[in-house]
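Here is a friendly note to read beside the structure.

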Amino acid sequence: MLNAFRSFCLGSSNEKLKSWRMCACICAMQLVVLALTWESWISILPIVANLASTIAGYTKNARKIRIAGIFINSPLWIVYNVIVGSWAGILDEVVSELSMIISIIRFGWKELDRVED
């Protein structure tokens, strides 16, 4: 639910929803979710992944978004999905990784460094 809300905020034309203040609120909500759903250290993996994606998304920089996705978000979700035995989750993250790699090949690393408004 929080990731859907984050996507709504980032896709909105409302500047308050795309502000760093909203980023901080969403990150805080993710930490509350961690506290409320804590089972073990494994609970940290998806939250750290989501925090990285949230912060990267709010930079509006395609390169930073890809870096967070390739090196933090997807790997943490893959580890989490392996531990809990979610084959669909593993497949989803492998496809996400491939998609990010294809975008880098397609657009080039330098082209991804501009900030979108």
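1. About 230 Å³ of space lies in the second largest pocket. Arg-6, Ser-53, Ile-65, Gly-69 and Asn-73 are the closest to its centre among the 15 residues that line this pocket. On a 1 Å grid over the protein atoms alone, a pocket is an open set of points where a 1.4 Å probe fits, with protein on both sides within 12 Å along at least five of seven lines, and lining residues have an atom within 4 Å of a point. A volume is the space filled by probe spheres set on the points, which are joined across faces, edges and corners.

2. A word on the model itself: it is predicted, so local features need pLDDT of at least 70 and side-chain atom pairs count only at pLDDT 80 or more, while totals for chains, interfaces and linings use all residues. Residues are numbered from 1 along each chain as its sequence is written, and side-chain values use heavy atoms, with hydrogens and water left out.

3. Which helices supply the lining of the second largest pocket? At least two residues each come from H1, H3, H4 and helix H5 (87–107), and H4 gives the largest share, five residues. Helices here are DSSP runs (H or I, at least four residues), numbered from the N terminus. The lining divides into five nonpolar, seven polar and three charged residues. Ala, Val, Leu, Ile, Met, Phe, Trp, Tyr, Cys and Pro count as nonpolar, Asp, Glu, Lys and Arg as charged, and the others, Gly among them, as polar.

4. The largest pocket has a volume of about 300 Å³. Its lining has 17 residues, and Val-33, Thr-37, Ser-43, Pro-46 and Ile-47 lie nearest the centre. Helices H1 (2–11), H2 (20–37), H3 (44–59) and H4 (62–84) are the elements that give two or more residues to this lining. H2 provides the largest share, four residues. By class, the lining has 10 nonpolar, six polar and one charged residues.

5. How do H2 and H3 pack? Their axes are 10 Å apart, at an angle of about 175 degrees, which makes H2 roughly antiparallel to H3. Axes are lines fitted to C-alpha atoms over the stretch in contact, and angles run from 0 to 180 degrees between N-to-C directions; under 35 degrees counts as roughly parallel and over 145 as roughly antiparallel. The contact (heavy atoms within 4.5 Å) includes Trp-20, Ile-26 and Val-33 of H2 and Ile-47, Leu-51 and Tyr-58 of H3. It has 13 nonpolar, four polar and no charged residues.

6. The axes of H1 and H3 come within 11 Å and cross at roughly 5 degrees, so these helices are roughly parallel to each other. Asn-3, Arg-6, Cys-9 and Leu-10 of H1 meet Asn-50, Ser-53, Thr-54, Gly-57 and Tyr-58 of H3. Those residues divide into three nonpolar, five polar and one charged.

7. There are two aromatic pairs (ring centres within 6.5 Å, using the six-membered ring of Trp; planes under 30 degrees apart are stacked, over 60 edge-to-face and the rest tilted). The rings of Trp-20 and Tyr-58 have centres 6.3 Å apart and planes at 45 degrees, so this pair is tilted. The two residues are 38 apart in the chain, with Trp-20 in H2 and Tyr-58 in H3.

8. Finally, look at Arg-63 in helix H4. Arg-63 and Glu-111 are 48 residues apart in sequence, yet 8.3 Å apart in space, C-alpha to C-alpha. Not counting residues up to four places away in sequence, Arg-63 touches Trp-109, Lys-110, Leu-112 and Asp-113.

Methods: Angles under 35 degrees count as roughly parallel, over 145 as roughly antiparallel, 65 to 115 as roughly perpendicular and the rest as oblique.
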